[in-house]
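Hello,

Here is the structure we talked about handing over. Please open it first, then read the notes below.

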Amino acid sequence: MNEQVKQPEQQGERLQKILAQVGLGSRRTMEEWISAGRVTVNGEVATLGMRVTEDDIVRADKRIVNIRTSNNNLPRVLLYHKQEGEIVSRDDPEKRANVFDKLPKLRGMKWIAIGRLDFNTSGLLIFTTSGDLANRLMHPRFEVEREYAVRVQGSMTNEQMEQMVKEGITLKDGPVKFERLTDEGGEGYNHWYRLMLKEGRNRIVRRTFEALGLPISRLIRVRFGIVNLPPRLKRGTLAELGTGEVGQILDWVGMESKPVTEKVAQWTEGKAGKFDDGTMDAGHNNKKIGNNMSVAPHRKADARRSTTSFKHKVRP
């Protein structure tokens, strides 16, 4: 009788996975770094497929990386209500107000902005310490929804609105088509619209309306994927998602979510909210998005507001 020989269990996590988890970039980018010799483990140049544990000394571009391989560690996720007049970049020769300056300091990791907003656009910004999560939410192939409230000078004709959602508008870098577009009314020369699209090309909303001869006077992102801009989150302030909410975002994008330990649960200072097929509701009153824009306020309400409330605080 032949006995099956058991293979020894491999210790640690794959290096590229760990580097992505601490926010240095997507897993594919980390594989490229390793192949290029930019990563070392215990003083030796790393190789693809190498596994590491918390006892290993890992450096990326000579910078020590804080390795955490515990199965109970979830990435951190922050929501920020960006103000107009701020940039989403760590490098700015003009030294303008920078959203990264307001984030909690990290050791061995960095914050990744999920989807940029231009200098004159306000609204929801999401930050995470997970390169994999950022890639899943931003990469064009995943077609994650972005929803905006936009105020324009003038108003659209019925023909223009129909063109926006059916044929689309041709721009210099290719056509753009909105998945949904609703008229939210307005007074005088200014008119509000609510729209949703599944791409994040540079200034895509502004350029589309400019192509129709309708300059934008205000642009606010109110939703990204299943995450809404919480009405209670004032401009220029941060809130951190609880572990339950982070876990459900990971499930939604198809990433493995880990169990939550008592220590991690204490960081959230409360019970996490729930999700459904549509929108995150950190205030525990879920609003589901169907084929119409059921979560968008209409006419008499304020087109700039989302339906999500939020209770969690940012930990240092």
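The largest nonpolar core has 32 residues, and Phe127, Met156, Leu195, Val205 and Phe209 have the most contacts inside it. A nonpolar core here is a set of buried Ala, Val, Leu, Ile, Met, Phe, Trp, Tyr and Cys residues joined through side-chain atoms within 4.5 Å. Buried means under 20% relative accessible area, with a 1.4 Å probe and protein chains only. At least two residues of this core come from each of several elements, including strand E9 (122-128), strand E14 (190-197) and H5. Another core lies apart from it, with 27 residues, among them Phe224, Val227, Leu233 and Val246.

A word on the source. This is a predicted model: local features need pLDDT of at least 70, side-chain atom pairs count only at pLDDT 80 or more, and totals for chains, interfaces and linings use all residues. Residues are numbered from 1 along each chain as its sequence is written, and side-chain values use heavy atoms, leaving out hydrogens and water.

Helices (H or I, at least four residues) and strands (E, at least two) are DSSP runs, numbered from the N terminus.

Now Arg206. It is found in helix H5 (residues 204-211). Its relative accessibility is 9%, so Arg206 counts as buried. Leaving aside neighbours within four places in sequence, Arg206 is in contact (heavy atoms within 4.5 Å) with Asp118, Asn120, Thr121, Ile216 and Leu219.

Helix H6 spans residues 243-253, and its buried residues include Val246, Ile249 and Leu250. Gly254 follows H6, with a positive phi near 85°.

Best wishes

Notes:
Buried < 20%, exposed > 50% of the residue type's maximum accessible area, 1.4 Å probe, protein only.
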